[in-house]
Every structure is written in C-alpha cells, then in structure tokens.
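Work through the exercises below with the model open beside you. Try each task before reading its solution.

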Amino acid sequence: MKSLDIHKSEYLKQFETETYGRNLFRTQEEERLDAPNEECGIFGMYSDDDLDTFSLSQFGLFALQHRGQEACGISVLKNGRITNMKDEGLVLDVYKEISDPETFMGNSAIGHTRYTTAGDKKKYNFQPFFAKNEYDQIILSIAHNGNLTNAKELKAELEAEGVVFRATSDSEVILRLIQKNLDLGLRGAIKATMDKIEGAYSVVGMTRNKFFAFRDFNGIRPLVLGAINENSYVVASESVALDAVGAQYVRDILPGEIIYTNENEPGKLHSYMVDEEKGKQRICSFEYIYFARPDSSLENINVYEIREKSGEKIWDQAPVDADVVIGVPDSGVPAAIGFSKASGIPFRPVLIKNRYIGRSFIVPTQEMRERVVNLKLNPIISEIKDKRVVIIDDSIVRGTTSKRLVKILKDAGVKEIHFRSVSPPIIAPCYLGIDTPSKDDLISANMSTEQLRDYLGVDSLEFLSVENLKEILGSANHCFGCFTEQYPVGKGEEVELFN
C-alpha cells in the first residue's frame, strides 16, 4: 500500500501542469448552481526593466485558472502606452488569439481570470477595466476581485455628476472613482476611493507610468506580494502565481494597504497604510476550505495543511468504523488523507480522473450532462464493493451533487456510506465576492443534519463545526459569514447592482 506521503506528493504534483478542479463530480452547470464560485483571480507585475510580460502574465493567470474559467484579460504597459486584450475562454485559449505577442511585452502587466454569473456573459464586463482620455488613450486600468456592498449608491452619485458607465459591474465603480480623483495624485486617488467604497476588494492596476495594488480594510479577499529580483515585483490572488513566474513570496498585502511605484524612483515599491486603526485581518475562511489551490499559502498558512488538518479534526469530532476512506477530487483528497492519518482507516484514490477530458461537451439533457461526470471520474468498484466507505467532500451546497455521488457509490455495491463535510453547514449567501445560491437554495439552511442525512440516503452525516474550523485556522480572525450569517461588514442591499 502506498504511504500517505506518496499520495500527498502525487496529488500536489499534478497541479504543476494541470488546472486545479475543485469538485470534479459537478457538471459544468452545477459549478454555477451547486457550488460557491469565486468571482475571479487577479495578477500584476512591474519591473524597472523590460520583461516578457506576455509569457509571464500567461503563466501567472494559468496558475489562477481555477478562480475563473469563463473569461480572461490583460493590460500591458509599454513605453507609456497601455494595451488591453480580453475575451471569453480559458487563459491559454485567450492568449492564442493574440497574433502579435510583442505588442504585449513591456515593463508592467495586470491580468484577470473571471467566473461569470448567469446572464452576465457580456464582454464589457470582462476585466481588466480601463479608462481613456480625450485622445482615446488608456490612462488607467484595474483588475478587481471581490464585491462592493455600497456600489449601487456610489454609481448613482457618479451618474449624477455626469459619469457614464459602460459595464454592469461594481468593479467599474472603483475605476471611475480613481479616475475622478486622479488630480489628487495616484495615492490620493486610491485613498479617496477606499474612503468611499465598502465591502471586499483586492485590486491591481496601472497608469501610464505607475503600478499599484490595494486591499480592503478587512483583507477579505487574498492578495500576496512577491519579487523576481530587487526591482521586479509580482502581486497575485494566490502564492502559486508567484511560483509560476519564478517570484519569491515576500508577504501578504495588509488590510487597508496601498502599494505603488513612483516615476521619480523607478524600481522602488512604496507602501502606505490608509488607516492603521481600521485595518483588521478577516480573510475569507472558505479560501482555505475550497477556493485556493492546495499548494498555495495565504497569510502564511499553507492551504494543503489546513485541508489535511480538517480531515484529522472531523475524525476526532465524528469517528466511525469503516473499511476505506475516499475523497472527492480534487478538493476533498487532502482531507481524506488527513482522516486516514488520524483514524488508521486506509485511504484509497478510488475515484479515477480522466486527465484528457475538457469542459466543452454540449449536451441538451440532464441525463446526458450527468454522464459527462462519469467520463471525468470513474470509481474502481473492486476497491469499494461490499465495503464500509467514508466519503470526504469539501462542502454541501444545494445537495444535488452529493446525492448523485451517493447513488454512484451505491450502484458500485458499497455496503455503508458515511458522509463527512469538512466545511460547516453553509446557511447563508456571501455578499463579499463569492457567488453562492440564495438562502432558499442552500440545503443546510432548510434542513437539519438528520433530515439531510435521510435526503442523501447515507448511514451517517457530519459537518466540521465552526469552532473546530477556527481551531484549525489558529484564529477567529476570518470571515465565517456563510456559516454564521455574521459578516465583517454590512451586506448592503440584497438587489442586483444594475437593474
């Protein structure tokens, strides 16, 4: 039998060349309906020297592909000119559309990979966003991860002042506020913007002679800083993007911090805290459970280790007699390894992933869509038939994916099924940068654990407790809003931004 260390090594190594797939049992439609979805990943780089920004931004965004698979875009600064390209599709597909890579080589670049909510697949909503001057030249470009809770009122204020909006995204509110205040200088414009906007935001951006990044006062969405050399810097949603471009991790950008360059001191990066007293660490706890790639580190906490500890902790919380432990690829595997380590119950990679399947199947019926999942993952029946199985999953949202997973295991002849979720019950939507179903559609908000166990048809069901999650993370200084309905900031109006 393979050691758990070998399983861990093989699990992590695959993401060096393959896109991280959080829950491969979900069909493409269920990725929107039966899963929380991160809005996007952002990437930025700056150097005093010319860089191969075309290739490096591609590498960085590919490493963040799991954070958004619907659209991708970049802005590149070269000789005081900003060039923008964005389109629907995966990172590598969008870059293939660039016929002249030389156009996108310069000394600074920002990029964005986007998850698009239903009904929002409009190119004018793809990022980076940019603003032009009267000569039709781009003077400012930004990429944003998060969600503003007061965007609607700010949009109304700006429109009353004559500002014209072209997109239906709160990110454009940030862009227009910075643009409006540029007469205060770049740092002053960002500070004036941060003083007005509320919610969650991590932003990278550039003008024709400066690079900048900033993060909200609660640090809800992640943002890390790295360095390629003493005058070349990288900023990204996750540390894996730093690794992809050969940058060394320096630190996480602090809540309420602006970092920026100054044209008078090329190659030097400056830091400015907008309000020391307002800055608090409240990073989203779901980043560790589900969103981030397992080989990332956020706030100096390794994501894989947190997931493995969650498996160990849920064994302590809810032990069970069983013959084999399996994890739902990809996100459930580390917790299954941790569960096995703590319990002594053998871990088996029973759900085999087809490494050659893409996302492009077009099928008209639900029955056929579910068969696509069987192409992506196929159980090794001999490993689980007539066995008592513990299945580890990252979360249960609507419950439809979990119910189908149980059916697949029962059809394979499993004797008992013990379901363990290594997130607490999701009982509330997120208003701070994650697309989750409404409360009416969150199954744990409408069923007790006992009712859900019966609905799924399993022999036992347990969720990791919020207190145990806090213990694993080593702190209560995180956002736990989707588990507790208590958010670091007001959730704002529960309406669409632009009706």
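Angles under 35 degrees count as roughly parallel, over 145 as roughly antiparallel, 65 to 115 as roughly perpendicular, and the rest as oblique. This is a predicted model, where local features need pLDDT of at least 70, side-chain atom pairs count only at pLDDT 80 or more, and totals for chains, interfaces and linings use all residues. Residues are numbered from 1 along each chain as its sequence is written, and side-chain values use heavy atoms, with hydrogens and water left out.

**Exercise 1. Classify the packing of α1 and α11, then list the residues that meet.**

Step 1. Locate the helices: α1 covers residues 4–13 and α11 covers residues 333–343. Helices (H or I, at least four residues) and strands (E, at least two) are DSSP runs, numbered from the N terminus.

Step 2. Take the geometry. The angle is about 175 degrees, and the axes are 11 Å apart. Axes are lines fitted to C-alpha atoms, for helices over the stretch in contact, and angles run from 0 to 180 degrees between N-to-C directions.

Step 3. Classify. α1 and α11 are therefore roughly antiparallel.

Step 4. List the contact (heavy atoms within 4.5 Å). From α1 come Leu4, His7, Lys8 and Tyr11; from α11 come Val333, Pro334, Ile337, Ser340 and Lys341.

Step 5. Sort by class. The contact of α1 with α11 has five nonpolar, two polar and two charged residues. Here Ala, Val, Leu, Ile, Met, Phe, Trp, Tyr, Cys and Pro count as nonpolar, Asp, Glu, Lys and Arg as charged, and the others, Gly among them, as polar.

**Exercise 2. Is Cys40 buried or exposed?**

Step 1. Start with the record. An unreviewed UniProt entry places the feature "active site" at Cys40. UniProt positions are given in the numbering used here, feature names are shortened, and annotations may be inferred rather than shown by experiment.

Step 2. Find the element: Cys40 lies in strand β2 (residues 40–47).

Step 3. Apply the cut-offs. Buried means under 20% relative accessible area, exposed over 50%, and partly exposed in between (1.4 Å probe, protein chains only). Cys40 has 2% relative accessibility, so Cys40 is buried.

Step 4. Check the surroundings. Beyond its neighbours within four places in sequence, Cys40 contacts Arg67, His112, Thr113, Arg114, Tyr115, His144 and Asn145.

**Exercise 3. Where do the four "binding site" cysteines of the UniProt entry sit relative to one another?**

Step 1. Name them. The unreviewed entry lists Cys284, Cys430, Cys479 and Cys482. They span 199 residues in sequence, yet no two of their C-alpha atoms are more than 10.1 Å apart, so they gather at one spot.

Step 2. Look at Cys284, in strand β15 (residues 283–284). Cys284 is buried at 6% relative accessible area. Not counting residues up to four places away in sequence, Cys284 touches Ile220, Arg221, Ile434 and Cys479.

Step 3. Turn to Cys479, in strand β25 (residues 478–479). Cys479 is buried too, at 9% relative accessibility. Leaving aside neighbours within four places in sequence, the contacts of Cys479 include Cys284, Leu432 and Pro488.
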